[in-house]
Amino acid sequence: MTTVVLGGGGVAGIAWMTGVLAGLADNGQDLSGADDIIGTSAGSVVATQLRSGLSLEELFQRQADPAKQTAEIGVDVNMEEYAAKLGTLLAGVTDPAEMRRRFARFALDAETVEPARRRAVIADRLPSHEWPEQSLRIVAVEADTGEMRVFDKDSGVELVDAVAASCAVPGVWPAVEIDGRRYVDGGVRTADNADLAEGASRVVILVPLGTQPLWPSEVPFADVVAGLRAAGAEVTVIEPDEASKAAIGLNPLDPATRTPAANAGRAQGARTVLS
């Protein structure tokens, strides 16, 4: 069983991961038909697009070709400064649930765009608004409790709402209300939630922002990878190379990063050999 894990990373991360996947397919390593796909934040968008029925080439062009890119809301966020702010917010907190609750309060107190406007952006990103029959799991965090929520086709939640919730970056985008509960970005738990791949025999993890966490995580990435391997899984971790880092830049929420990030990702994917 092959599981693909797609982590957070803004619009640049969406473009980069799409490029990497297209590049892998270029050299005969097509992951679009993986048995299971887990998406967090930007990864939830890419995961949903992979299950939409469009080819990887079509998905790549939607990122690389400005004429085919969907409209986005530009945000000026320096990730290093953002991480520093979150570090202050979480200083001294050791309980994982309390970390998530603080994140959530930060998200709920922030002034953001109108939820309907943000939802429209998410809807435009998705070629299909229907849950696929193939396994697709989308991770978000319930704001009031700090608990993880994994949405799938049996959750009774609209696909657009699940993706919008997973992409609700605290302090940047509005929380998403579903059935009377408010949800924020699944990256509040970890940037990738790769531990959910437990049980797979082969795991491929794409991490647009790298393997070093920008804020404290209850599930350290290195420990998760070690645990998956100890359980017998072949694990490949793909993080941006130097050219891809330069293309993504310090503001992965900038729509202008999409074309360079997609192209850099495709070049990197074409050079990558999976385990």
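Is R181 buried, partly exposed or exposed? R181 is partly exposed, because its relative accessible area is 42%, where buried means under 20%, exposed over 50% and partly exposed in between (1.4 Å probe, protein chains only). Before going on, note that this is a predicted model, in which local features need pLDDT of at least 70, side-chain atom pairs count only at pLDDT 80 or more, and totals for chains, interfaces and linings use all residues. Residues are numbered from 1 along each chain as its sequence is written, and side-chain values use heavy atoms, with hydrogens and water left out.

**View 1. R181 and E142 meet in a salt bridge.** The N to O distance here is 2.9 Å; a salt bridge is a side-chain nitrogen of Lys or Arg within 4 Å of a carboxyl oxygen of Asp or Glu. R181 lies in strand β6 (residues 181-185) and E142 in strand β3 (residues 135-142), so the pair ties together parts that are 39 residues apart in sequence. Helices (H or I, at least four residues) and strands (E, at least two) are DSSP runs, numbered from the N terminus. E142 is buried, with a relative accessible area of 11%. As a bit of background, side chains of opposite charge can pair when their charged atoms come close.

**View 2. R182 forms a salt bridge with D144.** The closest N and O atoms are 2.7 Å apart. R182 sits in strand β6 and D144 in the loop between β3 and β4 (148-151), so this pair ties together parts 38 residues apart in sequence. R182 is partly exposed at 33% relative accessible area, and D144 counts as partly exposed at 43%.

**View 3. R119 and D161 form a salt bridge between two helices.** Their closest N and O atoms are 2.7 Å apart. This pair links distant parts of the chain, with R119 in helix α6 (residues 115-125) and D161 in helix α7 (residues 159-166), 42 residues apart. R119 is partly exposed, at 30%, while D161 counts as buried, at 17%.

**View 4. F151 and Y183 form an aromatic pair.** Rings of Phe, Tyr and Trp (its six-membered ring) pair if their centres lie within 6.5 Å; planes under 30 degrees apart count as stacked, over 60 as edge-to-face and the rest as tilted. By this rule the count comes to 1 aromatic pair. The ring centres of F151 and Y183 are 5.5 Å apart and the planes are at 70 degrees, so the pair is edge-to-face. F151 is in strand β4 and Y183 in strand β6, 32 residues apart. Both F151 and Y183 are buried.

**View 5. R266 sits over the ring of F60.** The charged end of R266 is 4.5 Å from the ring centre; a charge sits over a ring if NZ of Lys or CZ of Arg is within 6 Å of the ring centre and within 35 degrees of the ring normal. R266 also joins D26 and E57 in a network of salt bridges. Elsewhere, R118 lies over the face of W173, at 4.0 Å from the ring centre.

**View 6. T2 lies in strand β1 (residues 2-6).** T2 counts as buried, at 14% relative accessibility. Leaving aside residues up to four places away in sequence, T2 touches L31, A34, D35, D36 and R202, where contact means heavy atoms within 4.5 Å.
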